[in-house]
Amino acid sequence: MDIALASLAVLLLSPVLIWISLRIWRQGNGPVFYVSERMKTPDHAFGLLKFRTMTTQPGDTGVTGPTKAHRITPFGAKLRQSRLDELPQLWNILKGDISIVGPRPPLREYVERFPDIYGDVLRSRPGVTGLATLTFNQREARLLAECKSAEETDRVYCRRCIPPKARLDLIYHQNANLTLDIWILWRTLRQVSKRPNHSQMPA
C-alpha cells in the first residue's frame, strides 16, 4: 500500500513538486531540499527529505521553536502550514525508510538521550503521519510557542512532548491494522485541509 500510494502521489503531484522546487530555488538563499538525519531503528539512521523552509545555519540541531522562527521564510511558512514541505518524503517511502503511517522518525540526539522510550516506539516503522502526529501536533506547537530560549524549548519538548507522544505511538503499535491506518490518513488529510494557523509542524 505504501509503494502504491506513494507512486500514485508522485505521479499526480509532480507539477506541484516541480513548482515548489522552482520557487525555493529562485529565492537563492540555500538548497531546495533539507535533509535531516532521523532514526528508523535505534541503531539505523537515514536522511529524511523535506522542502527547505528556513534559512540555513551550520550546526543547527533540535526541534524548531520560537528561537528559530526568524529563520522561516515567508514561502516556507506557507509550506509548513499546509504540510507541503513534507512531500519529498514520498521518496523516503519508496526507498523503504518510512511508511505513510507510523511514529514520526526521531532525531538521533533524542534516541540517544531516551533509549528506553524510543526502543519501544521504533518497533513500528516510522511514518509521515501517525496517531501522535494527528492528536498531539497542535498541542506541541502551543507548548513550544511559549518557550523563550533554545534551552527551554529542548526542556519542554523532552518533558512535555516526548512522553505523551510516545504513549500514543505505543497505542498505535498495539492496535495497528489497515483500518486504523486509513482512518489516520483520512483524518490527517482533513486536518491539513483546514490550514492551521501554527507554523510549527511536527519535528
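Visitor: Which helices each supply at least two residues of the lining of the largest cavity?

Guide: Rolling a probe the size of a water molecule over the atoms shows where empty space is left. On a 1 Å grid over the protein atoms alone, a cavity is a set of points where a 1.4 Å probe fits but cannot get out, a pocket is an open set with protein on both sides within 12 Å along at least five of seven lines, and lining residues have an atom within 4 Å of a point. Here helix H5 (115-121) and helix H7 (150-175) each supply at least two residues of the lining of the largest cavity, where helices (H or I, at least four residues) and strands (E, at least two) are DSSP runs numbered from the N terminus. The largest share, five residues, comes from H7.

Visitor: What should I keep in mind about the model itself?

Guide: This is a predicted model, in which local features need pLDDT of at least 70 and side-chain atom pairs count only at pLDDT 80 or more, while totals for chains, interfaces and linings use all residues. Residues are numbered from 1 along each chain as its sequence is written, and side-chain values use heavy atoms, with hydrogens and water left out.

Visitor: What is the volume of the largest cavity, and which residues are the closest to its centre?

Guide: The volume of the largest cavity is about 150 Å³, a volume being the space filled by probe spheres set on grid points that are joined across faces, edges and corners. Of its 15 lining residues, the closest to the centre are Arg104, Pro106, Tyr118, Tyr157 and Lys165. By class, the lining has eleven nonpolar, no polar and four charged residues; Ala, Val, Leu, Ile, Met, Phe, Trp, Tyr, Cys and Pro count as nonpolar, Asp, Glu, Lys and Arg as charged, and the others, Gly among them, as polar.

Visitor: Which salt bridge does lysine 165 form?

Guide: A salt bridge is a side-chain nitrogen of Lys or Arg within 4 Å of a carboxyl oxygen of Asp or Glu. Lysine 165 pairs in this way with glutamate 140, the closest N and O atoms being 2.9 Å apart. Glutamate 140 lies in helix H6 (residues 131-145) and lysine 165 in helix H7, so the pair ties together parts that are 25 residues apart in sequence. Both glutamate 140 and lysine 165 are buried (buried means under 20% relative accessible area, exposed over 50%, partly exposed in between, with a 1.4 Å probe and protein chains only).

Visitor: How many salt bridges does the structure hold, and with which residue does arginine 108 form one?

Guide: The structure holds eight salt bridges. Arginine 108 forms one with glutamate 37, with 2.9 Å between the closest N and O atoms. Because arginine 108 lies in helix H4 (residues 108-113) and glutamate 37 in strand E1 (residues 33-41), the pair ties together parts that are 71 residues apart in sequence. Arginine 108 counts as partly exposed at 30% relative accessibility, and glutamate 37 is partly exposed at 40%.

Visitor: What is the volume of the largest pocket, and which element gives the most to its lining?

Guide: The largest pocket has a volume of about 630 Å³, and H1 gives the most to its lining, with seven residues. It is lined by 22 residues, of which Leu13, Leu87, Leu90, Leu185 and Leu189 lie nearest its centre. The lining divides into 16 nonpolar, four polar and two charged residues.
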